[in-house]
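The following exercises are to be worked through with the sequence and the model at hand.

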Amino acid sequence: MLEGIVRDSMTKQATKTLRRNGYLIANIYGKGLENVATAFKANEFIKFLRNKETIAFDVSVNGTVYKVVVKEYQKCPLTYDLLHVDLMIAQPGVITNYRVPVTTTGIAKGLKNKGLLMIHTKRVPVRCTIEDLPESFVFDVTDLDTGDNILIRDVTMPENVKCFLDPRVPVVGIIKAK
């Protein structure tokens, strides 16, 4: 479980001091709940996110455990270091927006015909409760040839899960290499 500290001061100087000491600034919020200003060790946070297996994960701040989802993050435009992250509490029974990752299985026929596999949409936006949230959308691409696509309308959504993208948006496809 990821351990964090509560930020006492919200001043610019306090934020700079925390970043200089290797902390990542974060906010934890939820519907009808009070916001919690926190900070996590940046390296531990990145390692934890790379190794997590579910979209929602637990963090502990001052002994309180929150089940959270990464909603948004900010990076430095020059160094690409993580500067800030917003964590939303995954409340049971509350319908909200999530972004579900896309994965592929198999080797496409189009790759043998000098095609390239393109994942057009890396995360599919859905609206549902945390209980109905799928871990990922898995697509079998073995039958795709050059010029073929899997569109949003081809994705079978679980019950109580809605996607508000245009049905003609491609998710995965094989494009012709130049």
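Predicted model: local features only at pLDDT ≥ 70, side-chain atom pairs only at ≥ 80, totals over all residues.

**Exercise 1.** Determine whether Thr-96 is buried or exposed, and list the residues with which Thr-96 is in contact once neighbours within four places in sequence are left aside.

Solution. Thr-96 belongs to strand β7. Its relative accessible area is 16%, and since buried means under 20%, Thr-96 is classed as buried. With the neighbours within four places in sequence set aside, the contacts of Thr-96 are Lys-71, Met-88, Val-126, Arg-127 and Cys-128.

**Exercise 2.** Identify the residues of the positive surface patch, and describe the setting of Arg-123 within the fold.

Solution. The patch consists of Lys-31, Lys-71, Arg-99, Arg-123, Arg-127 and Lys-162. Of these, Arg-123 is located in strand β9, which covers residues 123–128. With a relative accessibility of 39%, Arg-123 is partly exposed, because this value lies between the cut-offs of 20% and 50%. For the charges of the protein as a whole, the mean positions of the 25 positive and 19 negative ones lie 9 Å apart.

**Exercise 3.** Find how many salt bridges the structure holds, and characterise the partners by their accessibility.

Solution. The count is 1 salt bridge. This salt bridge pairs Arg-168 with Asp-166, and the closest N and O atoms are 2.9 Å apart. Arg-168, at a relative accessible area of 59%, is exposed, whereas Asp-166, at 33% relative accessibility, is partly exposed.

**Exercise 4.** Summarise the overall architecture of the protein, from its secondary structure to its surface.

Solution. Begin with the elements, which are 2 helices and 13 strands. The C-alpha trace spans about 60 × 40 × 25 Å along its principal axes. Among contacts between residues at least 6 apart in sequence, 61% join residues at least 24 apart. Of the 178 residues, 35% are buried, while the protein exposes about 11,300 Å², with 51% of that area supplied by carbon and sulfur atoms.

Methods:
Residues numbered from 1 in each chain as written. Heavy atoms only, no water. Helix = DSSP H or I, 4+ residues; strand = E, 2+ residues; numbered from the N terminus. Buried < 20%, exposed > 50% of the residue type's maximum accessible area, 1.4 Å probe, protein only. Contact = heavy atoms within 4.5 Å. Areas by Shrake-Rupley, 256 points an atom, 1.4 Å probe, with all protein chains shown as cover. Lys, Arg positive; Asp, Glu negative; His and termini not counted. Charge placed at Lys NZ, Arg CZ, Asp CG, Glu CD. Patch = residues over 30% accessible without salt bridge, like charges linked within 9 Å, V, L, I, M, F, W, Y side chains within 5 Å. Salt bridge = Lys/Arg side-chain N within 4 Å of Asp/Glu carboxyl O.
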